[in-house]
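Biologist: I'm new to reading protein models. Could you walk me through one, feature by feature?

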Amino acid sequence: MDQYLPRRERLLTSSRPLPDFDVVAADGPWLHCADGRRIFDGSSGLICVNVGQNSPKVFSRIEKQFAQYSFGGAAVVRPHAQMELRERLCHAVGRPEDYVALVTCGTLGVEVAVGLARSIARVRNGKLRGDILTSNLSYHGMSAFTLALAGNGARRPRPEDALGLGPAFPAPYPTAHDHAERACDASCADEVAKAIDSRGAENVAAILLEPVNGTTGGAFVPPDGYLRRVSEICRERDVLVIHDEVLTGLWRTGTPLAGNHWDGAEPDLCILSKGLGAGYTSVGAVLVSPEIAPLLRHENADPLPALGTMATQPLQAAICLGVLDELESMDMGAFQARGERLGARLQTLTDLSVVRDVRGLGHFYGVELAPGLLWPLMKEAEKNGAFFYPFTGAGHPRSEGLVVAPPLNSTDEDIDFLSTALCDAVTVLNRNG
Ligand SMILES: Cc1ncc(COP(=O)(O)O)c(C=O)c1O
């Protein structure tokens, strides 16, 4: 029979230089393997399983919607579940009056945000072109367009595949933006001004950035004042600001949106995805501020780009409502304190010579390692029963390390287990190295 089993390499998806886990069951943050091992998922899947697996709250929402109806096409069936989701979601992230476009993943969220921003910029400011400017250390999705736009050298290695686009300004992080004698600070936002002015503001619809860097660099946090300065620069030039919060949105960094960590950093458009479907469904949402969203219905506006077949799928919306039920049932004070404890524990790793840096916020950290140690550390951590997300990010040679991102509803014991598993693994590596 074995010859009929599908071969792993025939499935064209990512793999890693360590064996896959043969998972037969999961609950909360735990993966149960066929060989009897239990692994703590310290990366929340692909940084999306934010409320753990097997949530009864999500299940009860699915059951209820399934019993009613499972598909209702946009422009045909009144989108009850989606309207409830818009209401709940916008309140949850402190933008209650926003308009929302629902899509089926983060990449499409970015694509749709670009379309909406271009339409708004042309109606409002008569922009000649719809340029979208990104940073040299960014990831905004896996379509040909979003790969072309962003600065992720590992995912789009060939300059000739940039469709004439490509990143326009340096991200305010070491190796992405090197200075002779100082660290990055808020004044690095001047690079954004330069990038807009060199194109001509009349050609630029929006700046697109991750308010806290995701997996491309491994959880870099921008200098205080940087995002506010970017917003001011854009406002002075009638350029819109789009925050890609696909990874960071919905409390991953400790606040509803990562941009909430700084005053004056509210974007015009904001994209959510991973934490909204929380691994239960594929979904994305583009939030558009009420000051500009009505322009999308203007007689000169372009057709709405948010019209995919599965864009208003009721089961998908029901799942998202269940995820919000989970998130809103958390004790936020205890959750935030747990994130800080996790960060403080990981910071102690910087005393060891194999660790180059620890950075991040909330339940999202990057542990950057000396070159060559990523896979040995993953292996060592797995022996201790914990899994993390590998990153290979900025610089030449590329930096490497682990992203630590446990589910947001992890308990105190979970966080202790996870940080001990990682700290012990790093200590072993340090001793052997
Ligand atoms: C910041 C950011 N934007 C966009 C995406 C693309 O989302 P998806 O994989 O759901 O298409 C990702 C995915 O990792 C991301 O981290």
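Modeller: Happy to; we will go from the overall fold to the domains and then to the ligand. Keep in mind that this is a predicted model.

Biologist: Which secondary structure elements does the protein have, and how many?

Modeller: There are 12 helices and 14 strands.

Biologist: How do I judge whether the protein is compact?

Modeller: Compare the radius of gyration with the globule rule. Here the radius is 22 Å, close to the 22 Å that the rule gives for 433 residues, so the protein is as compact as a globular protein of that length. Along its principal axes, the C-alpha trace spans about 65 × 65 × 50 Å, and buried residues make up 50% of the 433.

Biologist: Where are the domains?

Modeller: The domain assignment gives domain 1 as 2–54 + 332–432, and domain 2 as 56–328. Their C-alpha centres lie 26 Å apart.

Biologist: How many residues are in contact between the two domains?

Modeller: In domain 1, 29 residues contact 29 residues of domain 2. On the side of domain 1 that touches domain 2, S11 gives the largest share, with 4 residues. That side divides into 12 nonpolar, 14 polar and 3 charged residues.

Biologist: And which residues come nearest to the ligand?

Modeller: Of the 15 residues around the ligand, the nearest are Cys105, Gly106, Thr107, Val246 and Leu247. Helix H4 (residues 106–125) supplies the largest share of this shell, 3 residues.

Biologist: What kinds of residues make up that shell?

Modeller: The shell has 6 nonpolar, 7 polar and 2 charged residues.

Methods. Residues numbered from 1 in each chain as written. Predicted model: local features only at pLDDT ≥ 70, side-chain atom pairs only at ≥ 80, totals over all residues. Near = placed C-beta within 6 Å. Helix = DSSP H or I, 4+ residues; strand = E, 2+ residues; numbered from the N terminus. Nonpolar A, V, L, I, M, F, W, Y, C, P; charged D, E, K, R; others polar. Domains from an automatic or database assignment. Contact = placed C-beta atoms within 7 Å. Rg over C-alpha atoms; globule rule 2.2 N^0.38 Å. Buried ≥ 20, exposed ≤ 12 C-beta atoms within 10 Å, placed from the backbone.
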